[in-house]
Amino acid sequence: MRQESGPVDQSLVFAADVGGTYLRVALVDESGKIHQQLKQRTPKGESPDCVVNALASAAEHWSREDGRRIVAASIMVPGAVDNENAVVVQAPNLPSLINFPLKAVLEKRLGLPVLLENDANAAAVGEMWLGAARGCRDVVSVTLGTGVGGGVILDGELWRGAHGSAGEIGHTTVDPFAGLKCKCGNTGCLELFASATAIVRMTREELPRFPQSNLNREELTAERVYDAGRDGDELALSVFKTFGTYLGIGLANLINIVDPEIIVIAGGAVNGWDLFARYMQQEVDERAVRSTAAQVRIAAAECGDNAGLLGAARLAFDDLRSRI
Ligand SMILES: [Zn+2]
């Protein structure tokens with residue numbers, strides 16, 4: 001531990017987001033200011049050593065410049081974390097990390113205390129600290145990206161659940177009859193209808209019904225479908241109606257269980273907010289307990305891609321303070 005070199009409020013946390021596609025790292029201070037930031041492709045391989053080396057070389061590089069002030073590392077992973085044993089127990093996009101002692105290996109290599117956290121949980125903390133949920137105590141964040149992640153904060157504290165997998169809203173069932181298999185092994189998960197991946201799949205499936213659509217002539221990406229929707233393309237509008245409807249069903253279920261002050265919607269799919277929000281709200285209004293639904297705010301995230309890095313840093317500062 002190096003915090004004896006200065007008060008915690010001048011300290012920096014090395015925060016990392018080990019995504020399925022990108023590895024992003026940052027140095028964050030206790031006001032939430034990002035001092036350094038880097039993004040690279042996540043190294044892939046059978047062994048977790050590539051990920052460990054990428055994290056350690058970024059931390060060691062900054063440590064040479066600013067090591068005096070780096071007091072902890074906080075690593076986010078796209079999977080469930082067993083906090084008691086400090087290992088990743090489930091990570092469909094990074095299987096090499098499963099049951100690997102990432103915390104212990106990094107602590108030894110960096111000489112710093114290391115936290116491990118689920119990426120969607122960290123994003124929820126980031127939005128409560130500096131984003132759309134500032135000042136709230138009961139918060140759910142839902143990240144609509146390649147998949148659908150969720151983080152739940154109750155009375156100001158992250159709720160991880162008894163086995164580290166609380167908030168997995170993406171794998172709640174919204175349509176058992178659709179016949180679609182999810183990578184979690186279940187069928188009919190919300191992630192199959194309300195992710196960027198789902199936008200592309202649903203657009204491809206609907207193409208024959210919309211021969212006039214410009215999307216017939218383009219390689220499909222979620223961004224292209226948003227752009228087409230903004231230009232009034234009927235295929236894109238239909239896809240976002242389906243997207244919003246299923247998302248609303250998932251959120252109504254969440255509201256009935258958690259009764260949060262706010263649900264923050266994050267991730268790349270938020271770009272399509274104007275195209276799906278009213279269908280989402282319609283389902284929430286119809287399906288959630290009426291008096292509650294009317295009071296729950298549903299808002300787009302404000303921290304963008306940095307929510308997780310900021311939340312991870314906040315969790316590390318809180319952890320350091322709890323030890324003082
Ligand atoms: Zn699933």
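Cys 184 counts as partly exposed, because its relative accessibility is 44%. Partly exposed lies between buried (under 20% relative accessible area) and exposed (over 50%), taken with a 1.4 Å probe on protein chains only. This is a predicted model: local features need pLDDT of at least 70, side-chain atom pairs count only at pLDDT 80 or more, and totals for chains, interfaces and linings use all residues. Residues are numbered from 1 along each chain as its sequence is written, and side-chain values use heavy atoms, leaving out hydrogens and water.

| Residue | Relative accessible area | Class |
|---|---|---|
| Cys 184 | 44% | partly exposed |
| Cys 189 | 0% | buried |
| Asp 17 | 16% | buried |

The protein donors of the zinc ion are His 171 (ND1), Cys 182 (SG), Cys 184 (SG) and Cys 189 (SG), at 2.1 to 2.4 Å. Donors are N, O and S atoms within 2.8 Å of the metal (3.2 Å for Na, K and Ca); water is not among the atoms, so sites may look incomplete. Along the chain, the donors follow the spacing H-x10-C-x1-C-x4-C. The four donor atoms subtend angles of 104 to 123°, so the arrangement is tetrahedral. That label requires four donors with all angles between 85 and 135 degrees.

Asp 17 sits in strand β1 (residues 12–18). Strands are DSSP runs (E, at least two residues), numbered from the N terminus. Leaving aside residues up to four places away in sequence, Asp 17 touches Tyr 22, Leu 23, Arg 24, Met 76, Asp 119 and Leu 309. Contact means heavy atoms within 4.5 Å.

Conventions: Helix = DSSP H or I, 4+ residues; strand = E, 2+ residues; numbered from the N terminus. Tetrahedral: all angles 85-135°; square planar, octahedral: opposite > 155°, others 65-115°.
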